[in-house]
Every structure is written in C-alpha cells, then in structure tokens.
Protein chains: 4
Amino acid sequence: MGGSEQVAVGIIGASGYGGVQLVRLLLDHPLVKISYLGGESSAGKSFTEIYPHLQLGWNLNIEPIDIEEIGKRCQAVFLSLPNGLACDLAPKLLDMGCKVLDLSADYRLTNLDTYRTWYGKDRQDVDAIGKAVYGLPELYRGNIARSNLIGCPGCYPTASLLALAPLLKQGLIDEETAIIDAKSGTSGGGRQAKTNLLLAEADNSLGAYGVTHHRHTPEIEQVCTELAGNEVTVQFTPHLIPMVRGILATVYANLRDPGLVTEDLITIYTAFYRSSKFVKILPSGIYPQTKWACGTNLCYIGIEVDPRTQRVIVMSAIDNLIKGQAGQAIQCLNLMMGWEETLGLPQLSFYP
Amino acid sequence: MGGSEQVAVGIIGASGYGGVQLVRLLLDHPLVKISYLGGESSAGKSFTEIYPHLQLGWNLNIEPIDIEEIGKRCQAVFLSLPNGLACDLAPKLLDMGCKVLDLSADYRLTNLDTYRTWYGKDRQDVDAIGKAVYGLPELYRGNIARSNLIGCPGCYPTASLLALAPLLKQGLIDEETAIIDAKSGTSGGGRQAKTNLLLAEADNSLGAYGVTHHRHTPEIEQVCTELAGNEVTVQFTPHLIPMVRGILATVYANLRDPGLVTEDLITIYTAFYRSSKFVKILPSGIYPQTKWACGTNLCYIGIEVDPRTQRVIVMSAIDNLIKGQAGQAIQCLNLMMGWEETLGLPQLSFYP
Amino acid sequence: MGGSEQVAVGIIGASGYGGVQLVRLLLDHPLVKISYLGGESSAGKSFTEIYPHLQLGWNLNIEPIDIEEIGKRCQAVFLSLPNGLACDLAPKLLDMGCKVLDLSADYRLTNLDTYRTWYGKDRQDVDAIGKAVYGLPELYRGNIARSNLIGCPGCYPTASLLALAPLLKQGLIDEETAIIDAKSGTSGGGRQAKTNLLLAEADNSLGAYGVTHHRHTPEIEQVCTELAGNEVTVQFTPHLIPMVRGILATVYANLRDPGLVTEDLITIYTAFYRSSKFVKILPSGIYPQTKWACGTNLCYIGIEVDPRTQRVIVMSAIDNLIKGQAGQAIQCLNLMMGWEETLGLPQLSFYP
Amino acid sequence: MGGSEQVAVGIIGASGYGGVQLVRLLLDHPLVKISYLGGESSAGKSFTEIYPHLQLGWNLNIEPIDIEEIGKRCQAVFLSLPNGLACDLAPKLLDMGCKVLDLSADYRLTNLDTYRTWYGKDRQDVDAIGKAVYGLPELYRGNIARSNLIGCPGCYPTASLLALAPLLKQGLIDEETAIIDAKSGTSGGGRQAKTNLLLAEADNSLGAYGVTHHRHTPEIEQVCTELAGNEVTVQFTPHLIPMVRGILATVYANLRDPGLVTEDLITIYTAFYRSSKFVKILPSGIYPQTKWACGTNLCYIGIEVDPRTQRVIVMSAIDNLIKGQAGQAIQCLNLMMGWEETLGLPQLSFYP
C-alpha cells in the first residue's frame, strides 16, 4: 500500500457506491494510501465480503467510526454518509488537523435558512458556515486549494453548473428562463434497496421525479446566483433513466443577444474552460453521450443555438459517480494537497 | 380471419415496426380482417419468416405493392412507408374508394412551404392538401370521422400535443415559453440497421439528437398554432433512451395566471379529456412512467405547477409504437367507420 | 366487473408481481369477475395506490385476509403468497367449497421428505398430499380438470419440463445426462427490494445463482421421474439476466438412438404438443427468443441435434410471469371450470 | 505520445470495437506508442471523427493499409480485421521484422482441414502453420514469449478454456461430458449494423445462436485436445444477452473421482493459476458476475461440485473486449517484449 511519502486518507461510509468508487480510484492514486475504511452497519466486514470482485491480495477491513483513531491515522478524510451526519464528525476531524471532504449535502449550502427549507431540519454545525468551500474545481479552484473543508457538489449540480457557468458568468442569458432537464442512471439512488430502483421496475421505463422540489435545486441556485451576481431561480427536473451510470443535463435559456450563433458559444465555452482539463467542449453538431464520460472524471459539453427561438441549448454529460461524486472529491484533494489536478483520475472511457 | 361483416384492410409497408404493430393489433380487432400485406423488399416472404413468433395457424404473405389489387380487395388501407411515398399511392387509393391512413409525414403538414423547409423537397400530391385530416383523435375527433384521408401524427407530436393542448386551447400559457424535452426508446428509429441504434452503442447511454431541427417540430407547431389561435414556435429536443419502447415528453411553459395551482390544472385537464378514454390524468404528485403505457393505446399525463417560477411542468407518457403510431391509426379507423373509438385497442399494460 | 353468470374469484397476495399479473389478465377474462383482493401489508390500500397505472374507473381495494369472507364471496381462489402460507389457508377454503390454485411451492411436491430437504421445514398440511395436482396443463390436463386443488408450477420448472417432457416420455434420452441451463429476467425475484436485484447491480451484468441447490430442482425431478418411469436426477443451474421478463431454458441430453436428426425430433415434439395450443414448436434452425413469449401464455421450443456429440439441445422460452406463473394458473382454472383452455390468455406478443 | 525508448506499434482495422479497445488501452501503456492506425473504409478520417469522445489533444488519423510503411514505422502490429485478411498481411510484416498479433481466426487453428470445415474456405498462408502460437498466456506463456506471430483467441474460447484447463490438464473429468453454455453481451457481434443486434431487437430478450456449429468450437477443441492428451469434442452453445460487454461461460463436466468436493477443486484451480495474475479464483459459494470483470483484463472463476450428480460446474466471467480480445493481445505483446505481463492492463473494474 505504498511508500512513506504517500498521504494517508480515510473513507468513512465506505460500503456504498460513493465509498467503493473512492476506494477504486484511490487504489490507483500514486500519492495516496488508504489508511482507514469506516462504516457503521458494515463495520467488522472485509471490503471483499461486500464487493467480492475487489480481490487485492491484501485485506481492506471496515472499522467502526472512531474519530480519534481516524484523526490519528489520516491526513485527509472523505465522508460519504447520509445527509446530516458529516456536520457532527467534520469539526472534530478539522480540530485534529485533518482535511475533510464531505460528499453529503451538509456543507454545500451557505444559507442556513435555505438548508432548513429544503432539508426540513436545522444544521448542527453552524460555525463551519463560511469555512466550507463548494467543491467544484472548475469554478472554485483557488478557494478549494486554500481550504480544509470541502462540501462536494451533488451529481446533478455538477452537470448543471458546468453547463450554465459560462452563460451566467458572462451575462449571456436571461437567468429566469433557465431550465435544467436532467436525466440520471439509477446508481444515483445509492445501494439501499428501494422498490422503484429494482431492475424489474426501472428497466425499460422512464419517468421524472422530485419535480419542482428536488433537493439539489438550492445548491444549483446558490452557485448560479454567485456567478450571475444577482438572485437566480432555476427550474430543475430530474428523471430516472434505465441505465446504471451517467447524467445528462439538457439546459435551456433565452439568449440576451439575438446575434449569437452556435460557433460563438463554442468559442466562449472553450475559452472559459481553457485550464479545465476535465471539461471537453464538443464541436458544432456533436452532442454528448453519457457513455463517453462513463468511468472517467470528464464532463462533455455540447452547444446549440436555435435561431428560431433565440434560445441556447447546452447539454452536459458526466459519470454521476465519478465527476458527479468520488472523482470530483479526489480532484479537490489534489488541489488541496498542491498536486497536479488530474492525478489518479481516469480520462478515457472504455467504449462501447 | 373473420366473418363476412368484417371490413377488409390492407397494410402497405408491413415488415417494419409500424407494420408488425398494425398486424398484431388488427388480428385482435373484432370488425377488421387483414386482406393485403404489401411490401417491396419483403414481397414474396411470409410474415412468419420476418417475425418467426407470429405463428398464426395460417399464412400471412407479403405481396408486391399492386395498387389496383389493393384497391379491389380493401376498404381501408394503412400506409406505413418512408416519407415521400404515400403521396404517390394515396390519390389512387382514394379514387378507388378506399379510406387511407398514412403513417408517414406526407399528409401531416398543411403548408407546402413548411414541408419543403423541413423535409428538403417538394411534396407531389398538392391536391390532397386540405382534404387530409391530422389524425389525433383527442383534438380532431369529428373531422377524422368525416374524412377519407388521415395524416397520422408522429410519435413525438402525439405525446407533445396531448400535454400542451389544454394549456394552449384555454390560453393558460405564454406560448413562446413552451419547451418540449422529449425522450424516446430506440424502436422509434425503426428496424433499419443503424450503428447508433445498436444495443452495444445505445445501451447504458443517453444523448440528445436533432437539437433545434427535428422534423417533428413543424407538425407540433402547426397544431399548437391552431389551438392557440396565433402563431406558436416551440423548442423541441428529442433524446434517445436505452429502452425499446416508450416516449416521455416533459413540457415546460410559463403560466399567464400566477394564481393557478397544480390542482387547478388537474381539474382543467380532466375536463378537457373527459370524453377521451385513452388519456389518463394522474393525481397530484404522481408522475407518469413510460412502462405504464407500454403495450397500450393510453397516454398518461402528470402535472405540476411550480409556485417559485410560475411555470407548469406537464409530463406525458405513451407507447411510441401504439398511441404514437399504429394504435392511433386504428383509433382513427374506428372513428372513420363509425365504430366505438376503443375497439381492438389495449388499455392495460403488462407490468412490470 | 361483469354479468351474473361470471364466476367470482379471489386473489390473496394481490400486491406482488404474481398478483398484479392475475389482476391484469382476469380483468380481460370474459367469464371471471374479481370479487376479493386480499393482502396483509397492503390491506386497506386501493390497488391503484400500489399500481397507479391501473386506473379502471372503479376501485379495486385490497382487504385483509378473512378466510370466511373469501369463502363466501369466491368460487375460486388464487393464493399468491410466500412459501409456507398457502398450506394453512387452502384446507379451509376447500372445506368451504372453493377451488384453490396455489402459486407457491406448498402443493407442488408429493413427497414430504423432499419438501423438508429442500425447504428446510415440515409442511403442515399433510392431508392434502395426494389431493393436489401439479398445474402444468400440457402434462396433466385431465387431472387438473378433475381437481379442486392445484399446486401451480414454478417458472423454471415450466420452461424446463415443457422442453424435457417429450424426450423423457418417449425414452429418447439417457436421463442422467440431462442438464438444464436456465436464464431468467429479474422479475422472477419478486417485488421485494433486494440489493442484488437493483438495476444498478443487475443491469449490464450476468451471473449464476443457487448452483446445485435451487429449490425448483426437486419439482423438476419429481415430474421427470413420473414421465420417465424411473428415478431421474437433473442438473439445474439458474442465471440472472439483465432484463425484466422472460425465461430461456437451454436443455442438454444424450440421445439413446444416434440415428435421430433434428427433423425427427421436431416431428416428435409437434405430435406430442398437438393439442397444446400454447406450445409453439419452431422450424429447424430457428431458436426461441424470450421476447417472442413476453406478454403471452406461450412457450416457444427450438430443437437441434448435434451429430458430432449425439446430444440434443432443446431451448424453451416463456414469459416467467405469465406461462411461468399467473397465466398458467388461469389456464388451470379454465380447465377446472370446463371452459376453453385458452380463454382470456394472450397469444400474441407486442414486438419488439 | 511518449519518449524515445517506447516501442512503436500499429493497429490495422482500428475503427471497430477491437481497434478502439486497443487504442484506449495502449494510450495508457507506459512502454508503447501508437505509430500507425490503419483502416480501409475509415482511411482518411481522424479517429475522433469515429469516436468523438476520444479527444486527446493531438490527432490520431487513420491511414490506408500500406504494408511497407507499417513495416517501417512499427515494431509490433495488431491486426484487427475480418477473418481471412490477416493471413495475407502477416507474412509480409513478419518478413520486415515486425511482431504480429492477429485478433482474427486466421492463425488460431493448426489443422488446415479443420479450418476449411468450419470456415468454408482454404487458408492462404500455409507456411505460417507451426510458427503461430495460440495467444492464451495462462496456458502458453513460454511459447508466446518466444514467438513473433500470435493467433489471439476468440472471446468465447478464452472464457471456456480458462474454465476447463485445470480439469483437462489434470485428467479430472470425463472429457466427452464437457458442455459449455456461454452467454455474451452484444458487443461481441462487432460494430457493423445488423438488425438482430439493434437495441430494439436485442434488449429485454435472450436467445441462443449458432447452436452446434459456432466457429469458436474447433478452437476450443484444439486446445482441450492438447491439454487432455487425447481427442476432445465439446458441446458449445453461445447465447446473446441484453448487455453491452461481458461473457459468462457455464461449464459442466462429470468428475472421474466421485470423492472430490468443491474445496478440493478450488485448491486445484488456485494452484494451477498461481502465477496468472489475471485469473481470480473465487471462494466457495461465490459465483462470478460479468460486471466484476468489465473494463479489466481479469477472468473470475467460480466452482461448485454437485455431490448429487458427481458433476462439476465451473463459471468464468471476462470482459469480452478486453481479456476476450484487445487486452489479451496486449498481454501477449508484454510477454513477447519481455515486459511485466500486467503492464498497461486494468485490474480493477468500476462498480457498479
């Protein structure tokens, strides 16, 4: 498990899809070693019991969540737990000098009222507000590098915001016309057994859910508001697609300048993401397929302007479990540690 | 194949997905007998050679397309051919006294310029313009019943228009804000072998296509314009979904009256479709799954008003090959013959 | 819900996949009306709450399981419950004069020791042994017609036995060489949420389970033994396939007569199933696809003799929830009531 | 594209699934640089035109197949062409000093009569018979290392032979009882558009094909015969599964020694594959899922002995396009070059 110069990291909540992605990716990371796998229901099991394909030649065992011990052993900790648990653990880990990357919603929202409205409860860890940085490197690279506490974005917000950011930042659209029609594979629903996520129910079918009230909405609006410099309200509609991995966000907005054409926007997007190696702007007429992004930390973006309606349609595709979750968290860690941003993160999918 | 009082029908272009649906459905129709299966590349084959599961105890053979013979044998003819062929055959069949139901785009558009713009060629059969009726029974029931020539709607327009019609007819929305984000199973691409429709390419992936320029757009706009009483331009974006059958249209529009709530619209839709047995308006909070409609002629509609944005989101789900194609054509035939509209059309899906 | 001459039936355990198939099929049955839907966890709910697509214009409500009331209201009762419950309910229903069709394993095995060995417990209802008939109409048509208690076959045994029966009955194979490699869609696992049946786990993957010890084995062996006239032990291996519905059984056996060719066996099978309208023997070189059987009560059988190995390979395809479960139970009811065997049972799939 | 010490390789037939896998894998290989992408129909195109997701920052262009030029530029050449073309190109490349790895059937069979029987034509390159080595490293590691011409195995033979080899080599089974029931995702059918591989046809369905006469049979038998030391005839039945990637082979055979139990065989397999890092023997009761192998060069093997029938059931799972094709070819190249066998080959799948 690596040489002495590797950084020791912990993964708390290791048995879910977020956890197994982190384990999978970090095993290939040249500067990291996994020093703690923590879980509650899975404590005491070997990782191979839960994921029999992960035969590594040595044992990864899941331990109970012992904060003292985690703090001693780890320089950085990924929290991959249900909403509401991280804000109890993170302050202690920060106090012990750990860098903390939280994959839940606990550290994403800066406004406590917004949190209460959408999550139906108060957040415990009031102090950390202001310290936590939203972990979308393409937008907050510098702040992430300087922070010890990252609220990693949700999968839908990642796809949505990468599609919308250049438009909002440069004032190209009428913000209140922004509509995000998002489509996700069912792995986004996690590994808990739920009837609606059974193959027998979800395969060969398709439907929307959480219409008008999905919890990723305020997170999208918070960043859009920052980018635009004024309050933005978006329409966000998620759909469940009969596939395992991948998100496609189809974003609609009215352009302020009716003279803009597709090629103009491709130029603008290419410039905006010039230093973002994981964002791939597609040429005119090519639209992203989610499969292209699967197994990678990439985001593919396709753009089309409709001269008939003066609308722009932006399509972004990611792997919901990598760029939308575990890969992005590692991208943040790379920045926090001062490493090359792309370290240990796959950039080529296996096609088909 | 039935008693003497049954109506003899022909299916031209019987070997594709449209054809096999028509055959399948008409074999169960109590007042119809199939008297002619016509095809070009498949002429001379038995239907069982092409679809080995259709073992019927007698032979259905595909014959060359002999218009004289079709006209002699059939009282009604379904044309299930590539665009541009029906307008050559239909006039002759009409002259011979046949009722004609065309499943291609040839008789959908009333404006020849629009046809040329979107289909890139002139339409030959100029005379029939004005005679042909758009075959969406929920909107044009009376005209269909009185017509001998039906231009059956495309699959996407069926789902889109059933979702939009009550809003437009009653002036509830700002028409220029209408956006249709549509998702279809791959059977909508037909049975011709195309690389992008291979399972290896299309499964476990998702993407948009024909963005801003899909040919179903003018057909949707034509009917929207009629319903609204003024010119309507819509944004229409189709997506390919990794499943065999089904279309979901997610429709967005800004409400004119900010006081309307979800329940108001459910009431309005329920009233609008009161005499339409194939349209099922779902209760508040329930959103349609395409699987519910599969194997039926139904259209499920779910509605949600977003008080934050003053938008309405309407979701409609159909089986693209039945309500979106063959079933709807039979529904039209039922009306043209003066029969019960639901005759021979399935109303209960097999779930899951 | 029908005229006075219709037979009143009950479905106990109505909310699972077996139940919803029975409801779906019986709603189309001309001589049956559903008079009782019983359930435990779902009691008090309307059927439409559980399956929102079943909007029928009237309410089907799920009632608690009150045996007295069921007996009063129903002439025939389908029990679609977990193993071990039917043998408590069935005797009481039989005493009250009901015909009972049990879809669980409780009444399939005639040997109590075998039951204990494979199911790990004693069966309570010892008296009914000998009364119950195995509900595979193609093999036990007469006995079913004369019985009041049917142990309906499992889905795998249905496909396996229809493939093997002519070979065993006519002594064509060395029985101890019989191997059944079976493949099933995940709906066979029921509607209970289990992690391994999640789309995210089961889609785009494939594996065997229950190798050498699946509980359907003794049921297959019992019937094979009866057909062969001597004790038969079979190798049975089930696999989970990433699809919703359908079973394919690929059966291997060594032929006793090395001179037999494929066409001989097709002739033998065709003769054997001459009066079985739901069994379709395919011509030489055509192998069954499960999709052909989906949504129907059919079983498609393809046969190939390998002259190099003197083996016969028989492939049978069914819809696991119809011919493998609910449809077959209705087929049995038709026989018990003296009705046409095919009544109310679909024979044409929707393709593709 | 790498430093001066890297080995220059060519890929001829680069636009198919085999080609894109090779490109994908070799781009990550530390000691290889791609110096020639050759194609016929795709010549003149950039690789990104064919696979738009492969945005590499530099261009890979597909060139016409110019043998002189390939020989000049490349030290090793992968031929990924339809059967019958490699035996025309390989001799010239060998003459020019290239190492040749052929992914077609041209160099797999050592017996020309067998080739003619199963492929229906004579093979042109008679001289190379005897020179070519069958490229299954787990069985022919030494020979591969010493050879310049590799006939890379088919996907089905790879899974089948890895499952059978220990049994045959150690004389544990009655060879004539060996049955291979194999299941493959549809990517095995290649990227050519064929109706039966359309998602609309192949999804949610399942069937066998090539029963008794699939062309991978003689290749399996040739190796089995070598391993057993006497002529072996196997029963091989492939099935098409509704998924993109993966093969599962379920292998049945009668054990000679009735005293062997599952644990014995697990011990034997573990010893047999001790030095084969890509073969993972699973513990008792765990059966391989194809998804575990997807995106890797691994082969997972599960074993179960049935004491009731004295049969062993061995299940092996691979990624048909990696261990079954491109990855295995690279594994061979690693051996031929004297490199670490695992170089550049992924060993951890992305799950789920």
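Please keep in mind that the model is predicted.

**Chains A and B**

Let's start with symmetry. Chain A is superposed on chain B by a rotation of 180° with 0.0 Å of shift along its axis, at an RMSD of 0.0 Å. That is the relation of a two-fold axis. Within chain A, Pro242(A) has the C-alpha nearest the axis, 3.2 Å from it. Both copies use the same surface, as 100% of the contact residues of chain A recur in chain B.

**Chains C and D**

Here, too, a salt bridge links an arginine and a glutamate: Arg308(C) is joined to Glu221(D), with 2.5 Å between the closest N and O atoms. On the side of chain C that touches chain D, the largest share comes from strand β8 (residues 179-184) of chain C, with 4 residues. The classes on this side of chain C are 24 nonpolar, 16 polar and 11 charged residues.

The table sets out the totals for each interface.

| Item | Chain A and chain B | Chain C and chain D |
|---|---|---|
| Residues in contact | 51 residues of chain A, 51 residues of chain B | 51 residues from chain C, 51 residues from chain D |
| Buried area | about 3900 Å² | about 4000 Å² |
| Share on carbon and sulfur atoms | 52% | 52% |
| Salt bridges | 4 salt bridges | 4 salt bridges |
| Polar contacts (both residues at pLDDT 80 or more) | 34 residue pairs | 34 residue pairs |

**A sheet in chain C**

Now for a look inside one chain. Chain C holds an open sheet of 7 strands with parallel pairing, in the order β3-β2-β1-β4-β5-β7-β6. Its edge strands are β3 (62-63) and β6 (133-134) of chain C, each of which pairs on one side only.

How many bridges join strand β1 and strand β2 of chain C? Strand β1 (residues 7-12) and strand β2 (residues 32-38) of chain C pair in the parallel sense over 6 bridges.

Terms used
Residues numbered from 1 in each chain as written. Chains lettered and ligands numbered in written order. Predicted model: local features only at pLDDT ≥ 70, side-chain atom pairs only at ≥ 80, totals over all residues. Heavy atoms only, no water. Contact = heavy atoms within 4.5 Å. Buried area = accessible area lost by both parts, 1.4 Å probe. Salt bridge = Lys/Arg side-chain N within 4 Å of Asp/Glu carboxyl O. Polar contact = N/O pair within 3.5 Å; in protein donor to acceptor, adjacent residues only side chain to side chain. Helix = DSSP H or I, 4+ residues; strand = E, 2+ residues; numbered from the N terminus. Nonpolar A, V, L, I, M, F, W, Y, C, P; charged D, E, K, R; others polar. Pairing = 2+ DSSP bridges. Least-squares fit on C-alpha atoms with pLDDT ≥ 70 in both.
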